[in-house]
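Colleague: Could you walk me through how the parts of this model meet, and what stands behind each term you use?

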Amino acid sequence: MRDMQAQDVVPGCEQWIQPLYAEEPRRLYVSEEEVPYPDGRLIVSSTDLEGIITFCNDSFVQMSGYSEEELMGQPHSILRHPDIPRVAFVDLWQTVQAGKRWQGYVKNLRKDGRFYWVYATVVPNKRGGVIKGYTSVRRKPSRSKVAEAEALYKKLLAEQAP
Amino acid sequence: MKLQFTVSPDFAPESLAAWHIFNTYLQRQTGLGSHFETYESYQDLHAAIDNGEVDLIFANAYDSASLVRDKGYAPLASPEGQADEVVIAVAEGSPVLGVEELAPGITIASTADPDVQTIGMIMLEPANLDKSNTRINVRGSYPLVAKSLMRNEAAAGFFLAEAYERFSEVIKQQLRPLVRSYIQVINHCFLLSPNAIAHKDQLLDLLAAMHTQANGERVLQDLGYKAWHIPPQEEVEFTLDLMSTLVEE
C-alpha cells in the first residue's frame, strides 16, 4: 500500500511506520486533530474476501479525505490508525470469516492525518450460503463509548508485542 | 389467479386512493384480477403474510429483509431516485438544540413504521439512548406525532422525512428538526410471493415501462414517484446486507 504523503497532511503530524500483515510496512502521518462524524450519515463500504475495497459511498469518500478512485482497489487498512491494536482487527476478521456480524468502535486515519471515530458493523455478504465479501456500515458513536474504547485500546496496545 | 396486493401500513390514509388507482392500472394492464387490501397495523399485515394472503406487497426495507431472506419473496422494483430518510424533531420551544442533549428517560413520539424507528434510534446513539432508556409513544400518523410534540407529550419525534416536508408551514413553524438522515439506500420495494412467482416477468415488464405510458405516468405522479427502478439481484442483496447491519440482533 502506498505511503501517506507529507504534502497531503495537516501541519503538526507525527510520523509512524505501521507494520502490515503480508505487506511492506507503511509510512503514516498522524495528527491529534479529530474530525467530527457528521450527523445522520452512514459510511458504507464493501470489500472482497481479502479486504480490498470494491464499493464506497459518498460519506466514506468525504470522511476519509481520499477520492473514490484512490480508495477503490485499495486494502481497507488504508484507514487503519496506529492507536487501534492488532488484536481488534484479528477479532474482526475471525468473526466475519466465521460468518458472523462484528460490531465495535474504531478510530480511522484520514488521508490528511486527522482521525474520526465510528461505531462499525461488519457483516459477511453470503450468496447461496457462501461468503463472497464483506460490507461495513459506520455510524456516529457516543462520546462516552469512544472514551471507553480509547481506554481499552490503550491497554491492549501496551500489552501488544512489538 | 387473483393477486392479493397490499402496501406497507406506513402509508397515510390519504395516500391510499393513489394505490387504489395503481391497483386498477395493474388489473387493466395485466388482466390479473388483483385485489387491493389494506392493513391498519403491522401485526395485521404480518398475520396476513403468515397466512399466505399477500402475493404482491410494496414493503418497507425492514419488512423486505425478512420477506426476501426468510419467506422467499422476490424483489421486483423500487422508486427511482428516492430513498426513505428520517427527521428527528422537537417542539419549536424545546430547550434541546442537538440530539446529544436528549437525556435518558425521554418519551419519543413515532409511528409504528419499523424503518423510521430503526433509523431514528440509530441517530439517537450518539446521545447514549436506546430502547432500554427511552419510551416510544406510538401514534397513528405523522400529524399525530407532530401534535405530541406541540402538546409536550414527547421530547422528540421520529418522522419519515417525506412526511415532515409535506407538513404545512403552520405545523413546521411549531417544530424544529434536530437531525435528518442521509442514508440514500433504504427504500420501499415491490415484492412478489413464491405463490405468485409465475407472474414475475409480466409484472417486471409492466413496472419497467410504466413511466413511458401516459396513463402509467399519471398513476406514478399521483403516488409521488417518477419511475420504477428494477434492481439487479446483487443490488437487492447488498441492500439487505446493509439493513442487517442496522437491525439489532
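Modeller: Happy to, and let me start with a term: a salt bridge is a side-chain nitrogen of Lys or Arg within 4 Å of a carboxyl oxygen of Asp or Glu. Please keep in mind that this is a predicted model.

Colleague: Why is the pair A:Arg127 and B:Glu237 called a salt bridge?

Modeller: The side chains of A:Arg127 and B:Glu237 come to 3.8 Å, N to O. The cut-off is 4 Å, so the pair qualifies as a salt bridge. Between chain A and chain B the count is five salt bridges.

Colleague: Which elements of chain A give two or more residues to the side that touches chain B?

Modeller: They are strand E3 (43-47), strand E6 (115-127), strand E7 (130-139) and helix H4 (143-159) of chain A. E6(A) brings the largest share, with seven residues. By class, that side of chain A has eight nonpolar, eight polar and 10 charged residues.

Colleague: What makes residues of chain A and chain B count as being in contact?

Modeller: Contact asks for heavy atoms within 4.5 Å, and therefore 26 residues of chain A and 24 residues of chain B count. Together the two chains bury about 2,000 Å², with 50% of it on carbon and sulfur atoms. On the chain A side, A:Arg101, A:Arg127 and A:Arg139 lose the most area to chain B, together 30% of what that side buries.

Colleague: Now to chain B itself. How do you know where domain 1 and domain 2 of chain B lie?

Modeller: The domain assignment gives domain 1 as 4-82 + 186-246 and domain 2 as 86-180. Their centres, taken over C-alpha atoms, are separated by 27 Å.

Colleague: What is the area buried between these two domains of chain B, and which three residues of domain 1 supply more of it than any other three?

Modeller: Domain 1 and domain 2 of chain B bury about 800 Å² between them, and carbon and sulfur atoms give 65% of that. B:Tyr42, B:Tyr62 and B:Leu246 supply 48% of the area that domain 1 buries against domain 2, more than any other three residues.

Colleague: How many salt bridges and polar contacts are there between domain 1 and domain 2 of chain B?

Modeller: The salt-bridge count is zero, while two residue pairs are in polar contact, both residues at pLDDT 80 or more. Helix H3 (61-69) and helix H10 (233-246) of chain B are the elements giving two or more residues to the domain 1 side. That side has six nonpolar, two polar and one charged residues.

How values were computed. Residues are numbered from 1 along each chain as its sequence is written. Chains are lettered from A and ligands numbered from 1 in the order in which they are written. This is a predicted model: local features need pLDDT of at least 70, side-chain atom pairs count only at pLDDT 80 or more; totals for chains, interfaces and linings use all residues. Side-chain values use heavy atoms; hydrogens and water are left out. Buried area is the accessible area (1.4 Å probe) that two parts lose on being put together, summed over both. Helices (H or I, at least four residues) and strands (E, at least two) are DSSP runs, numbered from the N terminus. Ala, Val, Leu, Ile, Met, Phe, Trp, Tyr, Cys and Pro count as nonpolar, Asp, Glu, Lys and Arg as charged, and the others, Gly among them, as polar. Domain bounds come from an automatic or database domain assignment. A polar contact is a pair of N or O atoms within 3.5 Å; within protein, one must be able to donate a hydrogen and the other to accept it, and residues adjacent in sequence count only if both atoms are side-chain atoms.
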